[in-house]
Amino acid sequence: MTQMPITDYDRQVKNCSCSYCGNNCDDITYLLKDDKIVGVRHACRLGASKIINDEDQRLLNPMIRNKEGILKETTWENALDKIAQLLTNSVRPVLYGWGETSVEAIKEGIKIAQITGSVIDNQSTICHGATIQAFQNVGHPVMTLGAVKNRADVIIYVGTNPMDDHPRHLSRYTTFPEGFFRPNGREDRTIITIDPKYTNTAKVSDKWISYDIGEDYAFFNTLRMILAGHEITDEEIAGVNIEILYELVEIMKNAEYGALFFGLGLTQSTTKQGNVDVLIQLIEDLNKYSKWSMLPMRGFFNVNGFNMALTTETGYPYGVDYSRGYPRYMVGETTTIDLLNRREPDFFMAVAADPGVQFPGYTIKHLVDIPVVQVDTHWGPYTELADIVLPSTRVGVETKGTAYRMDSIPLYMKKVIEKPENCHSDQWILSQIYNRIEKLKQENGDN
Ligand code: SF4
């Protein structure tokens, strides 16, 4: 189907940042008519669908669930007072989500966690948590996406499919654009996909290497052994002919600037953190021969911003527990899924996230039995569980704010249109909750 260009608009705003995936494309043009976004330029289909289609299932008023189990509209005062009361009286509150809101809102969330002794956690607990642990344990050679665009001649994707999940990653940063040292764009680069699946990214790569599912560690450790000069006598490792592995090591050794991106296909496979550890070691080994760096493909547009903000505040990236009055971080102990599986939380608030989509079924069961709050822009499966719902605004469209791209570059996100009348930004909502809790504590003489 051919898409018709949009001509019926009266204003355009350039250099907006897309608030969908961790690419944080900041070259988007919004086309407006009568102060509504009627079209976008430069965004991919995922970003465009999020920016334009905002009215379907939009949450527009605060709601509280009544005794009959029906969500009924209420006032902001009533909903905020109720949440402050619940949080103040709870023993094991959990504040979860944050991947799709601004750093400014996240900072308000951390303040609430501190004053209420909550656990504060984000989507890393179910996605790149293993990566962050490995990075904190071992360290890793970093890079910016700008450096990749201008310098990289060998790009490897491991266990990730950006053609479907981060659609402009190849066209904006790694494969197709002209770079300062790569003036011929695609022709100057070798793209390799390493993935058990033949993905859409594999289809546009120069080379696709598939290995047996669950054999990630063996695959990458063998590359290290070959690089170190060991002779491998096996004909196959992880289901891959050894000649292919020798050939891959030669390509990597001879790169002028190598960039490796990896995704959940690696971190959620058997041995999880161990896979990232061995990948980091491989990249370190390669730096004896050439320049190599690595980055995880982060999903939500500010999932990285939460890790940055919480690490700045506490030294820990996610799953931080303030119940003892100071921050503690123990994966498996203070992380959301584990807390819910042990049925510990007695209050749960999700901000800019939908646990109804993201969590396993058993984990969700506990949410049915405790007070649950949703702060979000749209109706979703989690709304069906929520006792109190607060309608928020879209960062980068209706609210300005800061987000961290997957390579940890902070980007300013503009406010372009007015918010729906009775919605408020996450930052405003959370600061209102904080103020109410502080007041309640003062009244109770509890400081
Ligand atoms: S690649 Fe990601 S950030 Fe860029 S336009 Fe698409 S969804 Fe938005």
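Helix 1 (residues 45-52) has Leu46, Gly47, Ala48 and Ile51 as its buried residues, buried meaning under 20% relative accessible area, with exposed over 50% and partly exposed in between (1.4 Å probe, protein chains only). Those buried residues pack against strand 2 (28-33), strand 3 (36-41) and helix 6 (162-165). Helices (H or I, at least four residues) and strands (E, at least two) are DSSP runs, numbered from the N terminus. Contact means heavy atoms within 4.5 Å.

The model is predicted: local features need pLDDT of at least 70, side-chain atom pairs count only at pLDDT 80 or more, and totals for chains, interfaces and linings use all residues. Residues are numbered from 1 along each chain as its sequence is written, and side-chain values use heavy atoms, with hydrogens and water left out.

## Overall fold

The protein has 17 helices and 21 strands. Its radius of gyration is 23 Å, close to the 22 Å that the globule rule gives for 447 residues, so the protein is as compact as a globular protein of that length. The radius is taken over C-alpha atoms, and the globule rule is 2.2 Å times the number of residues to the power 0.38. The C-alpha trace spans about 70 × 55 × 35 Å along its principal axes. Of the 447 residues, 55% are buried. Among contacts with a separation of 6 or more, 67% are between residues 24 or more positions apart.

## Helix 17 and its two partners

Helix 17 (residues 426-443) packs with helix 2 (residues 76-89) at an angle of about 55°, and the axes are 9 Å apart. Axes are lines fitted to C-alpha atoms, for helices over the stretch in contact, and angles run from 0 to 180 degrees between N-to-C directions. Helix 2 and helix 17 are therefore oblique to each other. Angles under 35 degrees count as roughly parallel, over 145 as roughly antiparallel, 65 to 115 as roughly perpendicular and the rest as oblique. The crossing of helix 2 with helix 17 is right-handed. A crossing is left-handed if the near helix is turned anticlockwise from the far one by less than a right angle, and right-handed if clockwise.

On the helix 2 side the contact includes Trp76, Leu80, Ile83 and Leu87, and on the helix 17 side it includes Trp428, Ile429, Ile433 and Ile437. The residues of this contact divide into ten nonpolar, three polar and three charged. Here Ala, Val, Leu, Ile, Met, Phe, Trp, Tyr, Cys and Pro count as nonpolar, Asp, Glu, Lys and Arg as charged, and the others, Gly among them, as polar.

Helix 3 (residues 103-116) also meets helix 17, with axes that come within 8 Å and cross at roughly 20°. Helix 3 and helix 17 are therefore roughly parallel to each other, and the crossing is left-handed. Residues of helix 3 in this contact include Glu104, Glu108, Lys111 and Ile112, and those of helix 17 include Asp426, Tyr434, Glu438 and Lys441. The contact of helix 3 with helix 17 divides into seven nonpolar, four polar and six charged residues.

## Single residues

| Residue | Relative accessible area | Class |
|---|---|---|
| Thr175 | 0% | buried |
| Phe348 | 0% | buried |
| Thr399 | 15% | buried |
| Gln57 | 45% | partly exposed |
| Asn15 | 52% | exposed |

Phe348 lies in strand 17 (residues 347-351). Leaving aside neighbours within four places in sequence, Phe348 is in contact with residues including Val94, Tyr96, Leu340, Phe359, Ile370 and Tyr382.

Thr175 sits in the loop between helix 7 (169-174) and strand 9 (190-194). Not counting residues up to four places away in sequence, Thr175 touches Leu170, Gly185, Arg186, Arg189 and Ile191.

Thr399 is in the loop between strand 19 (388-391) and strand 20 (401-404). Beyond four places in sequence, the contacts of Thr399 are Thr393, Arg394, Met413, Lys414, Lys415 and Ser425. The C-alpha atoms of Thr399 and Asp426, 27 residues apart along the chain, are separated by 9.2 Å.

Most residues other than glycine have a negative phi. Asn15, in strand 1 (residues 11-16), has a positive phi near 55°. Gln57, in the loop between helix 1 and strand 4 (63-65), has a positive phi of about 65°.
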